[in-house]
Amino acid sequence: MRAWVSWVVVLAVFLAFPPFQRERVEEMGFGEILGMERMRADSALTQALRSRWDVEATAFLFPWGHMIPSLEDVSRITGLRIYGRPVSRYTYPCYHDLAERLLELPVERRSSLVPRVPLQKSLGLFDVGKVAGESEDEHLDRLTRISRRELASEPGAQADLDLRRFLVLFLGRLLFATRGDAVHCHFLPLLEDLGEVGGYAWGAAFLAHQFDSLGASERQTSISGFFPFLQVWVYLHLPALGRGDLAQLGLVPIARRWDSRRDSRNLGDQLERLQEAIDSYPFLDPYLEEGDEGQPWLVQARPYFGRSVWLHVLNLVLPLHLHLSQRSLGLRQSVVEFPVRDQFRRPGRSFQGLHDTTDWRERAKEQIDDWERRGKAVKSDATTDDVYLQAYALKYGGKVDVAGEIASLRALLYSAVQDREAVQRQTTELARLAGAMLRAEEAQRHLEERERDLQLTTEHAMDLQGERDRLRGEVQTTRSKRDQLRIRAEAAEAQVAEATKELEALRVQRSPGDQEEVTRLRAELLAQQTVARSLQQIVTDIGHSHSRSRSGASASRATGASVGQYLAGSSSRRRNDEEERRRQGDGSAQSGRGGGKMPPPPDRQEGSGESAGKGAAGPRGSSDGTGRRGEPPELRVPAVGTGCRGTEGPLPETSDVTMLVRQMKARFAQKEEKGEDRRLRGEEECGVTGIAVEAGEQECRVTGIAVGAEENTGMTGIAVKGVGEINSWRQKAGRKE
């Protein structure tokens with residue numbers, strides 16, 4: 001079976017596996033190879049490379065010296081693991097019993113080969129041929145669907161059996177492929193415990209198998225095993241051959257980036273052209289600019305880079321003479337001892353010739369120990385390659401034209417050195433630029449943080465401005481309400497002044513017998529103080545609510561202070577008025593007995609009184625707090641809740657009660673003409689605020705206090721009906737007569 005067909009069959013089974021099986025394969029380290037795109041085999045390139053392979057040195061011989069694929073090449077190109085335990089264990093003369101137990105497949109006696117067809121059928125692939133007119137992708141999809149029907153979908157013994165059969169097919173027909181149609185199963189002892197498969201250095205074993213395959217007969221037109229490795233190695237190190245196309249940049253492992261270039265010439269013409277171009281100077285260090293991103297396997301593989309070590313793949317134990325290619329490590333090639341045919345030879349090239357059970361961990365113990373020590377690091381103190389080139393010409397002069405190449409090689413080497421120095425300078429410059437870029441990125445991040453802070457500050461300032469505008473609106477609303485209430489308060493003051501005048505007139509006309517009625521009315525007035533206290537609380541609450549606003553704080557203090565000052569003055573005037581009425585009552589009694597008009601009390605002289613002593617504001621047009629000059633004291637409305645103006649001062653302990661008296665003479669005249677009761681009651685006069693009296697011909701009788709409730713202005717008092725009639729002045733006059 002051709003290598004390309006084997007690749008399709010292996011890939012179809014892998015894609016048919018359920019997810020948990022594919023994860024197990026990837027954990028073993030084979031996922032990177034199975035994830036590659038299929039590549040065409042380049043037979044001409046394989047034969048050209050085989051012609052330059054030296055079995056003794058296990059290296060390619062070119063006019064400029066040795067070149068050897070290394071473990072780093074395997075790790076970066078294929079992604080296989082080059083670290084772990086060596087692939088070395090028992091080999092048996094017959095695998096019949098082991099194959100029946102682990103694979104449940106027949107194996108001929110005295111053989112290590114499993115027939116390919118039964119192995120493929122056990123994985124569901126009965127016919128792997130390509131149908132006429134079928135594309136490569138369609139062929140792969142069809143095989144995948146067929147195989148999926150036969151594979152276990154759940155973990156268990158059958159899933160382990162499927163995985164073990166797949167690994168035998170993968171290792172025997174793709175990674176370590178041999179000539180012929182059968183599949184060798186000499187790796188089967190390593191597959192008994194599936195959990196240990198990922199611990200072996202399969203990449204190092206693969207490189208040993210490639211060395212052995214290159215040393216096979218030159219009549220072979222292909223290389224056994226995973227052929228894309230050597231092809232991509234040539235694409236990287238011998239780009240002048242022009243055999244590969246860089247299809248996709250940046251993919252890892254590196255083999256996924258390349259595809260083989262089609263060549264329509266016949267095989268002979270291709271070989272002739274390759275033999276002429278293969279001696280061109282190579283690119284010694286193609287990984288100089290390669291990083292480790294996306295390649296986690298390189299972390300554990302790196303300690304094996306740049307070291308000469310023995311490679312193991314069961315009965316194959318081959319050396320990796322990396323010290324022969326020091327220039328591929330960026331070093332000057334020092335003089336070394338060229339290797340001769342190794343005395344340690346494997347028993348035979350065919351596994352069918354093994355007649356004994358062999359433990360290669362014991363037979364190759366020295367080489368196993370060398371692998372476990374990771375071999376020997378390659379070092380060089382040479383400053384020139386001349387001595388090495390002279391020794392190389394003496395050793396391999398018959399195989400390569402060294403004499404004619406030395407001069408050109410020196411020029412090439414000098415040019416390469418110059419190029420390397422230029423690259424180093426560019427690397428230094430790039431490092432400097434990278435540092436500057438990092439600093440610029442840091443500064444940009446700092447600016448972005450400052451910009452975010454500034455944006456947050458701007459948003460906060462806008463929020464504060466919005467709050468300020470809202471508070472300004474509230475202040476304007478408060479001021480408007482305050483002005484309206486002030487107008488009402490001034491109107492109320494005018495009504496109080498008028499009512500005070502009429503009250504004083506009634507007070508002068510009253511008789512001593514009215515004292516009891518006045519006392520009762522005074523008690524009822526005192527009862528109204530409760531209402532005044534509640535009104536005063538409203539004023540206080542308004543002041544407190546506005547004081548919580550920063551912008552309305554000054555308006556609140558002015559309003560509260562004005563109301564407090566006004567109430568303080570009103571309280572003082574109330575006490576003065578009560579004292580004067582009490583003295584006037586006593587004077588009226590004396591005048592009734594002795595005749596004559598009662599003089600004003602001495603403590604109510606102009607400019608005196610409690611309000612003056614306390615600094616409270618008096619009524620309008622007066623400075624003594626007793627009323628306008630020549631008029632009786634007036635009772636004012638403290639304008640509760642109106643926000644009228646005033647000055648700073650303490651709040652009074654009690655509230656004033658305001659009585660607004662209206663002149664009702666016109667109403668009295670109308671009732672007298674109609675012969676109706678001349679007394680006016682509070683319910684007859686809706687909204688009447690003041691004292692309702694009955695006017696007679698010779699007397700004026702008080703019937704009650706009518707304190708009305710004006711609509712839309714709030715309660716201003718309590719309407720009290722007349723509770724009996726006071727002895728009229730006429731009855732009192734009759735008794736006197």
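This is a predicted model: local features need pLDDT of at least 70, side-chain atom pairs count only at pLDDT 80 or more; totals for chains, interfaces and linings use all residues.

Q: How many helices and strands does the protein chain have, and what share of the contacts with a separation of 6 or more joins residues 24 or more positions apart?

A: The protein chain has 23 helices and 16 strands. Of its contacts with a separation of 6 or more, 72% are between residues 24 or more positions apart.

Q: Which strands make up the open sheet with the antiparallel pairing, and in what order?

A: Strands of a sheet are paired by backbone hydrogen bonds, in a parallel or an antiparallel sense. Here, three strands form an open sheet in the order 10-9-12, and the pairing is antiparallel. Strand 10 (316-320) and strand 12 (376-377) are the edge strands, each with pairing on one side only. Strand 9, residues 307-313, is joined to strand 12 by two bridges in the antiparallel sense. Within this pair, R307 is found opposite A377 of strand 12.

Q: Which helix lies across strand 9 and strand 10, and at what angle to strand 9 does it run?

A: The helix in question is helix 15, residues 365-372, which lies across both strands and runs at about 125° to strand 9.

Q: How many residues lie between the strands in the hairpin of strand 1 and strand 2, and which residue takes a positive phi?

A: Four residues separate the two strands in that hairpin, and T58 has a positive phi near 45°. Strand 1 (residues 53-54) and strand 2 (residues 59-62) run antiparallel and are joined by two bridges. W53 faces F60 of strand 2.

Q: With which strand does strand 2 pair over three bridges?

A: Strand 2 pairs over three bridges, in the antiparallel sense, with strand 3, residues 65-67. These two strands form a hairpin with two residues between them. F62 stands opposite G65 of strand 3.

Q: Is helix 11 mostly covered or mostly uncovered?

A: Helix 11, residues 228-237, is mostly covered, with ten of its ten residues buried.

Definitions and conventions. Residues are numbered from 1 along each chain as its sequence is written. Side-chain values use heavy atoms; hydrogens and water are left out. Two strands pair if DSSP finds at least two bridges between them. Contact means heavy atoms within 4.5 Å. Axes are lines fitted to C-alpha atoms, for helices over the stretch in contact, and angles run from 0 to 180 degrees between N-to-C directions. Buried means under 20% relative accessible area, exposed over 50%, partly exposed in between (1.4 Å probe, protein chains only).
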